[in-house]
Amino acid sequence: MLRDRKRNRMLGYDYSREGLYFVTSCVKDRAYVFGEVVKEEMQLNGYGRIAEEQWLWLERQYPYLVLHAFIIMPNHVHAILEIDQDNKAADTNIKSISALMGAYKTTTSKKIRQAGLADFAWHRSFHDHIIRHERAYQNILHYIQTNPSRWQTDTFHS
């Protein structure tokens, strides 16, 4: 018998809807893959640069997606994403946050494996939070920007 799984998304919410979203995705087993924090600054290695390049690719690939902020940490990524329907072509279907994260994780995994880390994998899902207020946006933005300085006490640090 399957255990009841915690619902990851808000029931009935359209995640392709215009708005701001905070997302976090972890590497499987929280493995340190993307580099290291040195003197409270994230130093990306080659795999981390791939993860960063794929965030930028995502924004180019989907013109309705706006990246407000993101940070690649040793074993996870945080970002504020915005879906802006004003930037979409008339015949374009807007992908949901889940589909966008799926595209990011798939392309990143493929490129990292091609670069030599054959067993690279992301954790199965990702965390999301719908940003509804300016104060929440500012708090999350600050959290992302200061994440490397708090690495030693981060919940993803072991």
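Helices (H or I, at least four residues) and strands (E, at least two) are DSSP runs, numbered from the N terminus. Thr106 is found in helix α2. With 54% relative accessibility, Thr106 counts as exposed (over 50%; buried is under 20%, partly exposed in between; 1.4 Å probe, protein chains only). Its C-alpha atom lies 12 Å from that of Ile50, 56 residues apart along the chain.

This is a predicted model: local features need pLDDT of at least 70 and side-chain atom pairs pLDDT 80 or more, while totals for chains, interfaces and linings use all residues. Residues are numbered from 1 along each chain as its sequence is written, and side-chain values use heavy atoms, without hydrogens and water.

**Core**

The largest nonpolar core has 44 residues. Such a core is a set of buried Ala, Val, Leu, Ile, Met, Phe, Trp, Tyr and Cys residues joined through side-chain atoms within 4.5 Å. Val23, Phe34, Trp55, Leu81, Ile97 and Tyr104 have the most contacts inside it. Elements giving two or more residues are β1 (19–26), α1 (46–61), β4 (65–72), β5 (76–83), α2 (97–114), β6 (127–131) and α3 (134–145). The largest share, six residues, comes from α2. Leaving out residues up to four places away in sequence, Trp55 touches Val23, Leu67, Phe70, Ile72, Val77, Ala79, Leu81, Met101 and Tyr104 (contact: heavy atoms within 4.5 Å).

**Aromatic pairs**

The whole structure holds 10 aromatic pairs. Rings of Phe, Tyr and Trp (its six-membered ring) pair if their centres lie within 6.5 Å; planes under 30 degrees apart are stacked, over 60 edge-to-face, the rest tilted. Two of the pairs are tabulated.

| Pair | Centre to centre | Angle between planes | Class |
|---|---|---|---|
| Tyr62 and Tyr64 | 6.0 Å | 50° | tilted |
| Tyr104 and Trp122 | 5.7 Å | 50° | tilted |

Tyr104 in helix α2 and Trp122 in the loop between α2 and β6 are 18 residues apart, so this pair links distant parts of the chain. Tyr104 is buried at 0% relative accessibility. Trp122 is buried too, at 9%.

**Helix α1**

α1 has 16 residues. Its buried residues are Gly48, Ile50, Ala51, Gln54, Trp55 and Leu58. At the start of α1, a side-chain oxygen of Asn45 comes within 3.0 Å of the backbone nitrogen of Tyr47.

Conventions. Expected span 1.5 Å × (residues − 1). Polar contact = N/O pair within 3.5 Å; in protein donor to acceptor, adjacent residues only side chain to side chain.
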